Every structure is written in C-alpha cells, then in structure tokens.
Amino acid sequence: MDETIRIHASTTAPRFRVDFFKLGAKPRYAGSTPWLPGRYRPRPLAGGRADPSVDWGWDAYPFTPAGDWEPGLYAAFFETTDVTPALRPLKGFGRDSLVVRPHRAENRVLCKVSTFTRHAYNRGDGAGFTGGASLYDDPVHIPGQGHKVSFRRAGGIDFLAYWDAPFLAWLENNGYTVDLCTDRDLHEDPDLLTGYRLLLSVGHDEYWSAEMRTHTTAFAGNGGNVAFLSGNTCWWRVRVTDGGTAFVSDTDHRVGDICPRLPAPDLWWTITPENALTGVSFRNGGMWPGGWPGDRPRTGFTVQHADHWAFAGTGLRDGDRLGEGTPLIGYECDGAAFVRDERGVARPSGVDGTPPDFTILGIAELTPVHDDLHHPRAGHWNCAEREADGPRAATMGVHTLGAGTVFTGASTDWPVVTASGAAPAVEQVTRNVLDRLGG
C-alpha cells in the first residue's frame, strides 16, 4: 500500500495513536501510527443538539502505512494509553474502519461494504457525552435538497461486528478470497466492476445512489452477476455532495415533530422501483423491532423449486424450511408482490416492478403484521406503504438482468446466519451462489 491515510480525530487526551488490524478468519495486527498530538474540537450544534449534516472540523493526521498492506477490511482502534496493540471488540467508541482496495481486480468476487448506510445510522455517542448525531437521532433537513449526512463526524463500526466481520471470516474459512470496496467506490468509478464475475451486497444495504444502480445494472448487462445477501436493499436514493464527504437524501425522517416532505421524494420505489435490480423491495416485506436477533419468528423460508441449482447439496425438498429455527428472516426483509398458482406455488405478480422471470425459491409470509412503519409495534412485522395488495412476505429468489444473473437472499441477516454455523443448508446455498455466480 503506497497511499496516505488521513485520520480525523478529536480527543481531550494529550496524545493518541491508532492501531490497525486486518479482519478475517484470524485477524492480524497490521501496524500503528506514531503517537500523535491530541486536539479537542467541540461538536457543532443544531438546535442545541449535535449536527450530523456538517463536517465536524476535526484535525487531520496524515499517515502512510509501512510495508505492504494487503487489500481487505481493517479495523482501527484509537488508544490514549501506552498498551500493547491488541484486537479489541469491534463494538464501542474510539473505533473506525478502512477498506484497502486493489488497483485492479485480484479476485473474481467483489464484496461491497455498505458505508452509506453505516453513515446514516452512525451515532456520535462516546465516553462523557451522549447525542445521536445521526440521520435517525438528530436529522437535519436542508430546504430544497433533503436530509444531509456528513461522513466527517463521530461514529462507530458496530455494523462490522454484526454483519461484515463474521461473514468475511466465514468466506475465508470456506476457501473464498474476495476483494472489497465501499459504496463510494461503486458510486464514483464506472469501471470498478471490470474484471469481476460477482458483486456481493451483504447485510443492511439501504442507501444507494443513482450512479451505484447505473454501474451495477451495466455490470449485469455485460454478463456480470450480483448477489444480494442483504435486506432493506436500495430503499433510499442518495446524492453524494461536498466532494464525496456527505450525502443528501429527502427521506421521511422527522425533524422535531415534522416530516419536511411527504411523500418522501427519495424512496427508490416511487422513482425507479428497486425490484428491477434486486427482484424484491422492503415495501413488500417488513421490520421486526427490538434487539438483534431479538424475539422475531424463526420460521425460515419455505422452499419452492428444490431442484434449482441454488439448493444443490442441501437435501431440501419442496415444502421444507430453509433456516428454520434461526433468525434468518429479518430483522428487515424484502419481498416481491406475489400470487399463488393452482398448485399453491408463489409467483411474482409483477405489479411492483419485479421482473417477470423472477423465480421465488423460498417464501416466508410475515405474521403478525402492523401496517405502520412510523409507529412500530413490538411483536409484529412493521411494514411500509405500498401499492400492492396481498400478504407481506420475504421472498428469496433469482432472476436475469441483461446477460447476468441476480440472486437475492431478501434478508439483512442472511450473512449472520451463514457465519453462525447454525444452518448448514443456508451455508450450502451461499456456497452454491458463490460457486455458480462467482466462478
């Protein structure tokens, strides 16, 4: 690695350093910065609360890593005491992450880290102060633009601990080597996907720019494949601003007691339905509130078309339940509007923009349902407004897009259950997807 990292930090400590660890099956120490002088910068406020829409103006510390850092995902731990560098839990304050990307494709699979979604949810809490400073806790709406989120503010990497890190370890333990990128990489570079066979979306992948969709669709049109091992995928449209250090999205998040614009203009399904890319939409699925995984139902997907290549080696038959007994469905899940034929097999109705050749391989009808996402009810699948009728369901499936193939697991926790080892059949389906689409 021959590039300089710019670390932005604020601390009341007289000095600090940053320790880096490459994540994987066996995380390893990669190096540390020298001791750096600590400087404190107060959080900017909006209405008396921390403002997530602006650059917090923290001092930048250039750091050029020594040696050859391999491409991959790195965790950064901020230390203020003279302790031996050691891997600490990923959850907590004083942590950040870094993706090192190769200059050109080194593997056949590119795994995308959902950094736009991470920034939307990032909280600025820390030792000695509280205050969300996120799109969800303290949203700021810019008139004529939308809600704005700066990437240059405090936050943690809890999302890595839950979704990305366990799944990357599973990939490595199962013999798969992948390259990684961020949302911003996919947004900015129309040639990013050149040389790859498969793009992976993992976990919670809610915020997409038009450029991300354009580049992914073009990749599939030219024969590339996409696997959405994710949920709530491509729900909000974002516009990247401020030289790539912020985004704007006109959402339905309340500023105080007011939703600035309803219906929210940046819901993808009201512009170009995300179903055209993913085959599914969150508006046909739902969200189970509470902790992760919490008390949500553990029904799994009811299998259809068990002779499909996705089920090879699982031993599953039609009517069996993939992932039964695990929290595979949720905490947010996506679906296609569907009808059942004379044999009871679920097929897409197409009224929501789902491609006609989308094959529903597994279905999980959601119950009980609460049709008001903005006022969640415990013990229910809380669901968004939609144009279709019929049952809400998560629908795992596959369709063609141009000359490529798109697989969707339709759930945020697909990678969590895969990595847990609790559902061998889910692991086998994941291997089948990687082997078939990434080989």
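Residues are numbered from 1 along each chain as its sequence is written, and side-chain values use heavy atoms, with hydrogens and water left out. In this predicted model, local features need pLDDT of at least 70 and side-chain atom pairs count only at pLDDT 80 or more, whereas totals for chains, interfaces and linings use all residues.

The secondary structure of the chain consists of seven helices and 29 strands; these are DSSP runs numbered from the N terminus, with helices (H or I) of at least four residues and strands (E) of at least two. The C-alpha trace spans about 70 × 50 × 40 Å along its principal axes. For 439 residues, a compact globule would have a radius of gyration near 22 Å, and the 21 Å of the chain agrees with this. That radius is taken over C-alpha atoms, and the globule rule is 2.2 Å times the number of residues to the power 0.38. Of the 439 residues, 56% count as buried, where buried means under 20% relative accessible area, exposed over 50%, and partly exposed in between (1.4 Å probe, protein chains only). Contacts (heavy atoms within 4.5 Å) were also sorted by sequence separation. Among those between residues at least 6 apart in sequence, 73% join residues at least 24 apart.

Two packed helices are described by the angle between their axes and the distance between the axes. Helix H2 (residues 158-173) packs with helix H7 (residues 424-438) at an angle of about 70°, and their axes are 12 Å apart. H2 is therefore roughly perpendicular to H7. On the scale used, angles under 35 degrees count as roughly parallel, over 145 as roughly antiparallel, 65 to 115 as roughly perpendicular and the rest as oblique. The axes are lines fitted to C-alpha atoms, for helices over the stretch in contact, and the angles run from 0 to 180 degrees between N-to-C directions. H2 contributes Phe 167, Trp 170 and Leu 171 to the contact, and H7 contributes Glu 427, Thr 430, Arg 431 and Leu 434. By class, the contact has four nonpolar, one polar and two charged residues; Ala, Val, Leu, Ile, Met, Phe, Trp, Tyr, Cys and Pro count as nonpolar, Asp, Glu, Lys and Arg as charged, and the others, Gly among them, as polar.

H7 has 15 residues and reaches 20 Å from its first C-alpha to its last, close to the 21 Å expected at 1.5 Å a residue. The expected span of a helix is 1.5 Å times one less than its number of residues. Buried residues of H7 include Glu 427, Thr 430 and Leu 434, and these three also belong to the contact with H2.

Helix H4 (residues 210-221) has 12 residues, which should span 16 Å at 1.5 Å a residue; its end C-alpha atoms are 16 Å apart, in agreement. Its buried residues are Met 212, Arg 213, His 215, Thr 216, Phe 219 and Ala 220. Gly 223, which follows H4, has a positive phi near 105°.

Three of the buried H4 residues, His 215, Thr 216 and Phe 219, are touched by Leu 193, which also touches Leu 110, Leu 186 and Leu 199, not counting residues up to four places away in sequence. Leu 193 lies in the loop between helix H3 (183-188) and strand S14 (198-204) and counts as buried at 6% relative accessibility.

His 119, in helix H1 (residues 115-121), counts as buried at 11% relative accessibility. With residues up to four places away in sequence left out, His 119 touches Val 149, Phe 151 and Arg 153.

The peptide bond from Gly 330 to Tyr 331 is cis, with omega near 10°; Tyr 331 is placed in the loop between strand S21 (321-322) and strand S22 (332-335). A cis peptide bond also joins Thr 367 and Pro 368, with omega about -5°, and Pro 368 lies in the loop between strand S25 (359-365) and strand S26 (369-370). Cys 234, although not a glycine, has a positive phi of about 55°. Cys 234 is in the loop between strand S16 (225-231) and strand S17 (236-241) and is buried, with a relative accessible area of 0%. Ala 410 has a positive phi near 65°. This alanine, Ala 410, is in the loop between strand S29 (404-408) and helix H6 (414-420) and is buried, with a relative accessible area of 0%.
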